[in-house]
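I opened the notebook to record what I looked up in this structure. The entries are in the order I made them.

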Amino acid sequence: MIRDFFSSIAAYSKALELISKLRLWKYVLLPGILSLILGGIILLSAWNFADNIGGFLTSFYPFEWGSGVIEKIATVFSGLVVMAGGLIIFKHLIMIISGPFMSPLSEAVESHLRGYNVSPKFSLGRMTRDISRGIRIAIRNIIRELFWSLIVLILGLFFAPISAIGLFLIQAYYFGFGNMDFALERHFGVRDSIRFVKRNKGIALGNGTITMLLMMTVIGFIFILPVGTVAATIETTKRI
């Protein structure tokens, strides 16, 4: 798992080389714009709602003593809840919306790695299948991601660093999962794809870790999905 983790991280440098070499930038621009807009909406929502939710939670505290501390804790906790929920929604929405672009991108990279000369094309039928599968994967992952995030947030009430580290790792794993699935969808059904990712957790976690770190920069926010998809395809193709 550790070897897969670092190999998945190293694949990002190869991903940039392949995108440039194969002239795949046309698959990058629109998903990048969508990521930036959707991410901005979520960040603003988290900022605006954290104080309101924190105040609501504080209203249940009946004592004057320590109310200031309780309010600060409630505000931080609510901010984490809104941010975690927002990232989960962002991640899966952008994957569903960008699926018709990411699937051909992944296919072009895999074809090159296997020595084929294939030029993926858009089609209504393929777009429908990609979106349908994306929705199934998203619903499945959202339920599990919310469950584990809630557990981590509750534990974080007693030891705050647990929340930050735990939420990051959970988000990273499921982001990597989604990036890998753009390659897996050509080879496996949903159940077999889930089994594949479980057997290769290191790839998902390594890929998602860089994706999460890139999200902290504006430029990275634009390129996270296409670059992450190519990096995941490189590592996933090795193991299929």
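The entries below concern a predicted model, starting with a helix and moving on to salt bridges.

Entry 1, helix length. I checked helix 1, which covers residues 2-21. At 1.5 Å a residue its 20 residues should span 28 Å, and I found the end C-alpha atoms 29 Å apart, which agrees.

I found a kink of about 30° in helix 1, centred on Ser13. Just after this helix, Arg23 has a positive phi of about 55°.

I listed the buried residues of helix 1, among them Asp4, Ser8 and Tyr12. Asp4 has a relative accessible area of 12%, and buried means under 20%, so Asp4 qualifies.

I counted 7 salt bridges. In one of them Asp4 pairs with Arg239, with the closest N and O atoms 2.8 Å apart. Asp4 lies in helix 1 and Arg239 in helix 8, so this pair ties together parts that are 235 residues apart in sequence. Arg239 is partly exposed, at 29% relative accessibility.

Glu235 is buried, with a relative accessible area of 0%. Shared partners join Asp4, Glu235, Lys238 and Arg239 into one network of salt bridges.

I noted a salt bridge between Glu110 and Arg114, at 2.9 Å from N to O. Glu110 is buried at 5% relative accessible area, whereas Arg114 is partly exposed at 34%.

Note on methods: Residues numbered from 1 in each chain as written. Predicted model: local features only at pLDDT ≥ 70, side-chain atom pairs only at ≥ 80, totals over all residues. Heavy atoms only, no water. Helix = DSSP H or I, 4+ residues; strand = E, 2+ residues; numbered from the N terminus. Expected span 1.5 Å × (residues − 1). Bend = angle between axes of the 7 residues up to and from the residue. Buried < 20%, exposed > 50% of the residue type's maximum accessible area, 1.4 Å probe, protein only. Salt bridge = Lys/Arg side-chain N within 4 Å of Asp/Glu carboxyl O.
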